[in-house]
Amino acid sequence: MQRKLDMQADRIEAVLASHKVGGRVAGGTVTARFVRFDLVTPMGTRINRVGALAEEIALALGARSTRIFRDGDKISIEVAREGAAPRIELVPLCARLANIPPITGVLGIDEEHTPLLLRLSSPDVTHVLIAGTTGSGKTALARALLSSLAMHNRQGALQMVLIDPKGRGFGPLDGLPHLLRPLVADKNEILSVLTDLVTEMERRDAMARQLRRPVDSPRLVVAVDELADLLQAGGRDVERALTRLAQRGREAGIHLVCCTQKPTSTAIGPLLKANFPVRLVGSVTSPEEAKIATGLAGSGAEKLTGAGDFLLVTKGQTVRFQAAWIGESTLGRLVGVLREGGRRSRRWSPAEARQLVKM
């Protein structure tokens, strides 16, 4: 393995030298999904000069593609490894965690195999966009995030509203005891639900002003699948309601988790501006979509390999991770267990995890 890595590093440096781009490989990272080479370049080297050589570097390495991006004070070159993507099952992953803070979802594992968590109630999070084309694992990640929230939070602390115009992405979650109402799929009902949510937000705001402190209400997670299609079909009224929730929901304890496979400026651009500080971005179809979805130029999201290969983007920084996954049969059993009630602990033991997965 080391000999192969050294050979690949030499080939990268040879491609750079042939185009008179200074730089040397100075270490890197090997994961189950990809190999990352860290490139140190002379001061003043333009990143786009290295990025323009992505195809030539891929050819020299015998790879289908490479992902090139800035990582702090160096440039990183990532090459996908051959073989099937690792599957990170949600329930056993949750059972490994001794303590998950309230209103915190489990995303998967990062490149160091460390569990990656996302606390929605953090001031730096609030709302989340999940973007990715068909095959990226977007729907699986959304199900895992919402399932983990339901696993580790009681109904008195967390409630959910699921909006899914096609009724497929969130369908297996219908029946969770945390739902304020059954899954909302009817297009004529969606606007009414969003209007009610805005009214609830305003009620909580008014009470907070009256009491001069935040209202101790259950956190409310509003999950929307196929956001771009919903905005197109629902028109200005739907967009206006979602924008108000995005702009003012944090103070009222309301969080949006929105999914889209069409991260284009015409479809979701106006809603995204400054309203979604956290982006979970899988494989997209073009650099333009990658820029809109991540909010960053040169993220390389269009070079991700799909099947749960994601970037967590927050505060201008990116973390590559493998998304957690929960099968429909396991999810069905989880919904049943949660509906039965009687659980006193927010933690799930390894034995309980095995029972859910293998029942």
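This note goes through the packed helices, pockets and cavities of a predicted model.

1. **How helix packing is described.** Two packed helices are described by the angle between their axes and the distance between the axes.

2. **H6 and H7: the angle.** Start with helix H6, residues 187–211, and helix H7, residues 227–248. Their axes come within 10 Å and cross at roughly 15°. Angles under 35 degrees count as roughly parallel, so H6 is roughly parallel to H7. The crossing of these two helices is left-handed.

3. **H6 and H7: the residues.** Which residues make the contact? From H6 come Lys187, Ile190, Leu191, Leu194, Leu197, Val198, Met201, Glu202 and Asp205. From H7 come Leu230, Ala233, Asp237, Val238, Ala241, Leu242, Arg244, Leu245 and Arg248. By class, the contact of H6 with H7 has 12 nonpolar and six charged residues, and no polar ones.

4. **H10 and H11.** Helix H10 covers residues 328–340, and helix H11 covers residues 350–358. They pack at an angle of about 125°, with their axes 8 Å apart. H10 and H11 are therefore oblique to each other. On the H10 side, the contact uses Thr330, Arg333, Leu334 and Val337. On the H11 side, it uses Leu356, Val357 and Lys358. Four residues of this contact are nonpolar, one is polar and two are charged.

5. **H1 and H3.** The axes of H1 and helix H3 (residues 54–61) come within 9 Å. They cross at roughly 145°. Is the crossing left-handed or right-handed? H1 passes H3 in a right-handed crossing. H1 brings Gln8, Arg11, Ile12 and Val15 to the contact. H3 brings Glu56, Ile57, Ala60 and Leu61. The contact of H1 with H3 divides into five nonpolar, one polar and two charged residues.

6. Rolling a probe the size of a water molecule over the atoms shows where empty space is left. The next points take the pockets, then the cavities.

7. **The largest pocket.** This pocket has a volume of about 620 Å³. It is lined by 26 residues. Which of them are the closest to its centre? They are Arg64, Val79, Ala80, Arg81 and Glu82. Helix H1 (2–18) and S4 each supply at least two residues of the lining. H1 gives the largest share, with four residues. The lining of the largest pocket has 14 nonpolar, five polar and seven charged residues.

8. **The second largest pocket.** Its volume is about 540 Å³. The lining has 26 residues, and Phe69, Arg70, Ala297, Gly298 and Ser299 lie nearest the centre. Which element gives the largest share? S3 does, with six residues. The lining of the second largest pocket has nine nonpolar, 10 polar and seven charged residues.

9. **The largest cavity.** How many cavities of 30 Å³ or more does a search of the whole structure find? The search finds two. The largest has a volume of about 50 Å³. Its lining is made of Phe34, Ser65, Thr66, Arg67, Glu78, Val79, Ala80, Lys303, Thr305 and Arg320. Strand S3 (66–71) and strand S4 (74–80) are the elements that give two or more residues to this lining. S4 gives the most, with three residues. The lining of the largest cavity has three nonpolar, three polar and four charged residues. Val79 and Ala80 line this cavity, and they are also among the residues closest to the centre of the largest pocket.

10. **The second largest cavity.** The volume here is about 40 Å³. Glu89, Leu90, Val91, Pro92, Trp325, Ile326, Gly327, Thr330 and Val357 form the lining. Helix H4, residues 90–95, supplies the largest share, three residues. Six residues of this lining are nonpolar, two are polar and one is charged. Thr330 and Val357 link back to point 4: both line this cavity, and both belong to the contact between H10 and H11.

Notes
Residues numbered from 1 in each chain as written. Predicted model: local features only at pLDDT ≥ 70, side-chain atom pairs only at ≥ 80, totals over all residues. Heavy atoms only, no water. 1 Å grid on protein atoms, 1.4 Å probe; cavity = no way out; pocket = protein on both sides within 12 Å on 5 of 7 lines; lining within 4 Å. Points joined across faces, edges and corners; volume = space filled by probe spheres on them. Nonpolar A, V, L, I, M, F, W, Y, C, P; charged D, E, K, R; others polar. Axes fitted to C-alpha atoms, helices over the stretch in contact; angles between N-to-C directions. Parallel < 35°, antiparallel > 145°, perpendicular 65-115°, else oblique. Left-handed = near helix turned anticlockwise from the far one by under 90°. Contact = heavy atoms within 4.5 Å.
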